Structures are given as structure tokens and as C-alpha cells.
Amino acid sequence: MRSAYICLSKKVLNIRMQQLLQTLKDGTMEIAELSLPIPGAGEVLVRTHFSAISAGTEGKTVSDARKGYIAKARARKDEVSKVIRLAKSQGAVSTYKMVMNRLEALQPLGYSLAGIVMDVGEGVRDFKPGDRVACGGTSASHAEAVVVPENLCVKIPEKAPLDQAAFTTIGAIALQGLRRAELSLGENCVVIGLGLLGQLTIRLLQAAGVRAFGVDLRPELVALALQSGAGDACLRSSETIEARIAAFTGGHGADAVIITAATTSLDPVDFAGLISRKRGKVVIVGNVPTGFSRKNFYYKELDLRMSTSYGPGRYDARYEEQGLDYPIGQVRWTENRNMQAFAGLLGGESLSLDGLVSHRFPFANAAEAFDLVLNPEVHKMGILLAYDVSKSTAKVAVAAQTRLNPMQAVSFIGAGSFAANFLLPEIKKHIVLSSVVTSRPHTAEDARRKFGFKNALSDVGELLRAKDAGAVIIATRHNTHAALAMQALQAGKRVFLEKPLCININEYFAIKRLLGSAGTPDLMVGFNRRFAPFIIEIKNLSGNMPLSINYRINAGKVATDHWVHDPLLGGGRIVGEVCHFVDLCAHVTGSRVESVSAQALAVSPQQHDTFAATIRFENGSVAVISYFSNGNSAAGKERMEVYGGGSTAVIDDFKSLTIYGSKTKILKGNQDKGHAAEMRLVASALREGSPFPVSTADSLHATIATFALSASITEAGRKIEIIPYEQSWTLPEAN
């Protein structure tokens, strides 16, 4: 993600805005006052005028949140399965804490709005303050101000009403369903499900010159479809429905059927097969099951198609987060271009949403609006939240706070799931938490409440300028680590940085040069496994003798499109994770890496996520790191075998340690990879002004050794000596 983290803001500080949030634990809703978000590179800051509520998607989210735990489990069976697998690998207590962190977190709602651009981030050329825009995606939440990626933002024609434009994202979903149906002027289409999506589909079909027939369970929606422009419409329960559709289609059956219903019933898909013509198309837009009867689909050779939300680009991080567009010559209609098309229709005479907005609520009454969404007795269609745009966005006064001793306080940049589950619960016991900054204001506010931070901010610059914390803990995405660490060091802060240190060699040398400058504070990378109880036990036994280590990591598969594989975001799994294991082997042997040689499985040459590496250390120790992405998780993730002096120590997934010597010693416990002990030691070092428990030199050394390991793989296993490897690079000129 192109993050606001790395843009030190020059905006007015302490500007506040409000956002609707709920907790998944019990569905509690509130309108919280938060810091104004700051647009990062490729992002647009928008002041919301209207946001649309999706009765289907958002209604289910809110309904599930208000259910009890058992009902939640029944509604989200896939997530329950994930929890069970997690409990098997990490233990019930740890899993319970992670699940509760998730359930208790403040969550935004909403994904379709319209407003006015307030500001733009670096690199944004197509938008400027004052532009009328519609926005989509999870960033386009119910809030007075939002930051959205530019590919999820489109300009609104001057003639398009802002309130109607708030439905642009939902309209793009309907429009993508039409595109998947590939209908031509004069053809016919049956729309099953006449909620908001179905009504929009009817109106878009009319605008496209396609004859539409509507089907629903409720008579008022059938009547509205006729007002929306359907040539005919009928209740699903009508005994004459098949005959009416046959007459409507000239006896041939529907050219296409678009299903916009949301139901657990198989009837919509089965009925679509019944009423389609031979070689017709059935497009699923709504949330319906597909375990349908084969007969009609086989006999008629029907084409069953899924429509993915707003269109091509949806769920692709490179498109939505990094702003990489698909060439129009290859992909005519992306999600952004679908949004543009819908907004363009609103600005003309071919599409109007008159009659589709059933309810309007002031933003302050948002909770009341969602109560209505969940009330089955009330007819609703399009629901709008209207914002008080006359409200001032001036700087607000901040109450005077007790000045903290910088050595007794630490601030956080990033408070995602890793920080919330592994870092914050422990470190809050040992040191004062000053300020927290995240890229989205609600996550900072959630961390403030849960862990006791003094301030929840949106601006990294404000955090680094503050004098009440002498250190910063950085737990953000990998691509932001180097820039944030250097900004913090230059601001005079000690830095604890979650691994990796950086994701490319140029960043490495820039950090190393800065750390070598007089007066620069120290830095530690979060190599937590050093502090695991079983590792401490091995270190106490091994002394200074040369050791042999066999370290097997059954890492498992990560989807090829996951951000960790992206060289610009995650740096790859070697840089992002294997640095842990290189450092741990160096720590156990008590020696620095002298040389590495590694070869990867040929089936994944780009990702290098299945490999074996041989590492030789300066004291004569040898380690073999085997990293597998092609195994089965039932085998456990990590197994370390340490040989030396006639003894063998085996750590199995950090749950047990077996020491074979004159007597066999077996130690067992809950999985502990050292996070808690690491945080205690870091807090102690900050309070006392003593060195970090992992030295800056060790943090740098593990990083360059990991880069060398990666280079060996790309060079077919060539042995690379660390010192010559580092010296072979031409250091970039200092800025």
C-alpha cells in the first residue's frame, strides 16, 4: 500500500472528524471523533456529503455482529475453520486472545459515497481540491472525511446530483453484471431479485436498449420494477410466471438472466436455467448458492458466469492500492471505468435514481438507519446518510497533558494485527505508551482505547516532533520500514523496527550510513525468536563450541498475488521472514555469518519460497536452513536441531525442547516464540537508557546475510562470502 506513513504532513495539526464504527463482538455502534486522515502517495482526501448504505452487504455485516457467539459461528463457518486450525498450531489461549482482539476492534462500515476533494497526496494528477467525486471500496466508509486510492475515485459531472452520485459504487456493481451478460440492443434479460441492485440493473438495461423482465418475492418491488422501466415484472410465486416470460421472450427464453437476489435458496439459479433460451447466459451478481440442478444447464448448454463486484481490478492490490491501471486496449471496463460510466449516466438524461432513495438520515442518526436496515417489516430501498458540510474543520484545542519522561515512554507507528496480538499486550505492562499513528484513524483510536495510548494520531510528523517519547516502535508494512526508521532516527528517537530492516540493498546502505553518523540513536530489529525460552535453554548449554544446526521451516503456501511477494511492498519471503532464521542461527552459534549458499526449487523461480541454504559461520559452525512452501501444515511449522559436544537439542515448533545427552531432558509448554520476553527487555532498555537486547550491528549483519542468501539463489547456488559481498556494492551517494 502506498502509505501516508512516509509523508511527513505539513497540514494543520489536531483537525478532527467523525466516523461511524462498530464492534464485531456485539454490534455496538458509535460515531467516534478521530484525527483527520492524511492522504499518502496516490491517495485523495474527500469530505463526504452523502454516503449510501448497502442493505444487503452492510446489513449482513451488522446482523452478524449483533448475533451471539454460536450464531456468529454458524454464519461464518469458514472463519471458524480458520480459528480451529490456528488453535491447533498456536494453542487455545493464544488463539482466543487473537479472536477477541479481532471481535473487539473498531470496524468501519460503508463503501459508496460522494463528496468534495479536500486534498491530494503525492503523485495524484487527475484530482484537485474542490472536485466533485464519487468514491468506492472499504476506504469509502461512513465518515465525515475519507482517504481513498485514486483508482477508487471518479469525478462527477456537474449535472449529476451529489446525493444520487453516492450510489456510484453500487451502480458499478450492477453495471458490471450487465457487462458480464454481454447483451446487445434489442435483446431481453430477466432480472431475479429486485432490491436496490436489481432496480439499478433494470434502469441500466433500459438505458442500454435491452428489454427487461423483473422477478421478486415481494409485490411492492415488482411494482417498483415496472416504474424503473421493466417491460414486465412478476411475482416468483405467480402460477403464470413461466408463460409470461415465454411471451416476453417470443417463446425462445431469456437471452440472459441476471441474478441480483441474496438468499440461501437454490431456486434463483435453478429457475434461471428453466427460463433461459438455449446457449443463454446466467450471471450471478447477488449472494446465492450455486449447487443447482444440472439438467437445464446441460441440455441448453447455458453459460454460467460470476460477476465480481465493481469489475476488473477489484481485489487486486496492485490496481486498488498501488494505482496500476489496466491498459484500456486489453481491459476496456475496469472498476474505475465502470464507476466513471455510471457517474456519467447520472449526469445525462438516460439514467435517474428518482424513486430509489427510500430513506435519508442525518449522519448523526446513522445507528437509527441501520436499525431500519435490519427491520424486516419496513420497506426500504436506497438509504442515504447526509453530512453536515457546514461543520468547521478548523484546528481544535487539545487539553493540556502531563508531560511524560521521554525515557519512560514509547510511541507506535502501526497498530495492526501483529502489533495488537504480540507487541502491545506485553510492552504496555512495562512502559508508558505515548502516541500511536496508523494510516487509518479508526485503527489508531482502537489502539488508544485498548492499550492506553495518550494520543491517537494520523500524522507521523506530529508524533516524531513530540518530545514526550524517546523511542518509536515501527510495525507497518515492509516497504515503509526503511523510510520510517530513518525519519525517526533523524528526529532523535531510538527505534525498534519489526523485521525486516529494509527490502532492498540501497535502503540497507542508507540506514547503515545514518546509523554510523555521530549522535544517531540506536536501532533494533525485532528478531524475537532469540528470546524464546527454549532458545535461552540451548544457549545456556552450548557454550562457545562450534555447532551444527538443521533448521526446517514448513512455511506453507502464500498466494502468488499476496503483497509479501511484491518486491516493492513485501520484498519477498526471504527478505521478509527468512531474516528471522538467519539471525537465530547466528545467535545460537554465537558467531557471524561467513558465507552462504542456497538453491531454490525450480517450480517457483520468481518467489524463491522453497529452498535449502547452507550457512558457514566465522567460528566454524554450520547451519542448514530448509524453507518449504510446498508441505502440509499438519507437520508443524518449525523444527530446529542443534548438534554439538556430544549432545543434541531439538525444538519442535517452540512447543517442546528435547535434549539428548547423558540423560534425556524433555521440556514442554505453550508455543512461545519470544515476543513477550523481547518486549520486556526492550522496555527495560528504553527506561534505563541501556543498549537494545539485539544490537544495531547484529540487526545490520542479519540483513546483509539475508540479502546474500537471496543473491545465491538467483545465481544458482553460488557460494557468497558476506564481507566481499557487502564490499562489492557501490554505496549510493548521501543526500
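Author: What follows is a set of questions and answers on a predicted model.

Reader: Why is Asp-653 called buried?

Author: The word applies to residues under 20% relative accessible area. Asp-653 has a value of 7%, and is therefore buried. The residue lies in the loop between strand E28 (647-652) and strand E29 (656-660).

Reader: Why is Tyr-315 called exposed?

Author: A residue counts as exposed when its relative accessible area is over 50%. Tyr-315 has 56%, so the term exposed applies to Tyr-315. Its place is the loop between strand E14 (303-306) and helix H12 (317-320).

Reader: What makes the phi of Tyr-315 and that of Asp-653 worth a remark?

Author: Most residues other than glycine have a negative phi. Tyr-315 is not a glycine, yet its phi is positive, at about 70°. Asp-653, also a residue other than glycine, has a positive phi near 55°.

Reader: Which peptide bond is cis, and how do you know that?

Author: The bond that joins Lys-499 and Pro-500 is cis, with omega at about 0°. As a rule, most peptide bonds are trans. Pro-500 is found in the loop between strand E21 (494-497) and helix H19 (505-515).

Reader: How does its lining divide into nonpolar, polar and charged residues?

Author: The lining has 8 nonpolar residues, 2 polar ones and no charged residue. Cys and Pro count as nonpolar.

Reader: Why are strands E2 and E4 said to stand at the edges of their sheet?

Author: The sheet is open, with 3 strands in the order E2-E1-E4 and antiparallel pairing. Strand E2 (29-35) and strand E4 (106-108) each have a single partner strand, so one side of each is left without a neighbour in the sheet. From one strand to the next, the twist averages 55°.

Reader: What makes E1 and E4 a pair?

Author: Two strands pair if there are at least two bridges between them. Strand E1 (residues 16-23) is joined to E4 by 3 bridges, and the two run antiparallel. Thr-23 stands opposite Leu-106 in E4.

Methods: Residues numbered from 1 in each chain as written. Predicted model: local features only at pLDDT ≥ 70, side-chain atom pairs only at ≥ 80, totals over all residues. Heavy atoms only, no water. Helix = DSSP H or I, 4+ residues; strand = E, 2+ residues; numbered from the N terminus. Axes fitted to C-alpha atoms, helices over the stretch in contact; angles between N-to-C directions. Buried < 20%, exposed > 50% of the residue type's maximum accessible area, 1.4 Å probe, protein only.
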